Amino acid sequence: MNSENTADILKKYDGLKAHLVSFGSVAVAFSSGVDSTFLLHAAKDALGDNVIAVTASSCSFPVRELNEAKTFCEKEGIRQFIIESNELEIEGFSHNPRNRCYLCKHELFEKIKKLADEQGMAEVAEGSNLDDNGDYRPGLQAVAELGIKSPLRETGFTKQEIRDLSKLFGLPTWNKQSFACLASRFPYGDVITEKKLGMVDKAEQLLLDMGFHQLRVRIHDTLARIELSPDEFGKFMEEGTRLEVNKRFKEFGFSYVALDITGYRTGSMNETLGQDRTRSR
């Protein structure tokens, strides 16, 4: 950022803090992702001890993310509450309908609101940003229905601005890969099981451990479709890497492993919305 851009974005940050101060107190839905980490930092900056972090523990949320959330809160001196969320027990969720995210978010934010009330927090906030307005995100319907605040959207923050300020403030997530719950790796209509969630989690963790950065492993029955940033295609296609990935993925339970030549993009499972999908087994 140049000095002029820095001044503008810091002015916007002051507006975000003023917005948060108006809440009086807040419970932040905290996943340790780029957006929620920035929001939690801003809330702590604005409201001090009148902030709590609430993190959900579930089979669709990798342990690495939960541990990062705990580490951040301990380092920043923020009270954190871990709530159990078993999405697979929500009626209809495992059948992966198009409103799957709505079902999950509604149940989760009801739990967070209950905890916030018990802890005397005036508001509940989540970390969606202005860029989230452009994609199919049924979870935002649940946010609206339950009166959850979205301070980053409400004050006009984009993802890039969040990353830029996160870097300026020294937040560990400034260049962290974007993340969505593991259930988003399944095509709509494919049944979600704990076993398959585990397969995806292990597969993505392997790729992260091998040094790949922005990625998704989409699961189509027992086929793994890997999405990587195109600039990492060369690394992936090195024979040793490619064969190791194939070997390990099959150990995890996949029958076939494929690289998506389009590359990583958010919401790729939404590309089939409005199309009739027929699949042979």
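Cys 104 is buried, with a relative accessible area of 11%. Here buried means under 20% relative accessible area, exposed means over 50%, and partly exposed is in between (1.4 Å probe, protein chains only). This is a predicted model, where local features need pLDDT of at least 70 and side-chain atom pairs count only at pLDDT 80 or more, while totals for chains, interfaces and linings use all residues. Residues are numbered from 1 along each chain as its sequence is written, and side-chain values use heavy atoms, with hydrogens and water left out.

**Cysteines**

Cys 59 is partly exposed, at a relative accessible area of 26%.

**The chain as a whole**

Zoom out, and you can find ten helices and seven strands in the chain. Both are DSSP runs numbered from the N terminus: helices are H or I with at least four residues, strands are E with at least two. The radius of gyration is 19 Å, close to the 19 Å the globule rule gives for 281 residues, so the chain is as compact as a globular protein of that length. That radius is taken over C-alpha atoms, and the rule is 2.2 Å times the number of residues to the power 0.38. Buried residues make up 48% of the 281 residues. Of the contacts with a separation of 6 or more, 73% are between residues 24 or more positions apart; contact means heavy atoms within 4.5 Å.

**Nonpolar cores**

In soluble globular proteins, nonpolar side chains tend to be buried together. A nonpolar core is a set of buried Ala, Val, Leu, Ile, Met, Phe, Trp, Tyr and Cys residues joined through side-chain atoms within 4.5 Å. The largest one here has 29 residues, and those with the most contacts inside it include Leu 207, Ile 226 and Phe 249. Among the elements that each supply at least two of its residues are helix H4 (100-118), strand S5 (215-220) and helix H10 (239-252). Helix H8 gives the largest share, six residues. A second, separate core has 27 residues, including Ala 125 and Phe 157.

Glu 126 sits in the loop between strand S4 (123-125) and helix H5 (139-145), and is buried at a relative accessible area of 9%. Gln 214 is in the loop between H8 and S5, and is buried too, at 12%. Which partners do their side chains have? The table lists polar contacts, meaning pairs of N or O atoms within 3.5 Å; within protein, one must be able to donate a hydrogen and the other to accept it, and residues adjacent in sequence count only if both atoms are side-chain atoms.

| Side chain | Partner | Distance |
|---|---|---|
| Glu 126 | Ser 128 side chain | 2.6 Å |
| Glu 126 | Ser 150 side chain | 2.4 Å |
| Gln 214 | Tyr 264 side chain | 3.5 Å |

Not counting residues up to four places away in sequence, Glu 126 also touches others, including Phe 109 and Arg 153.
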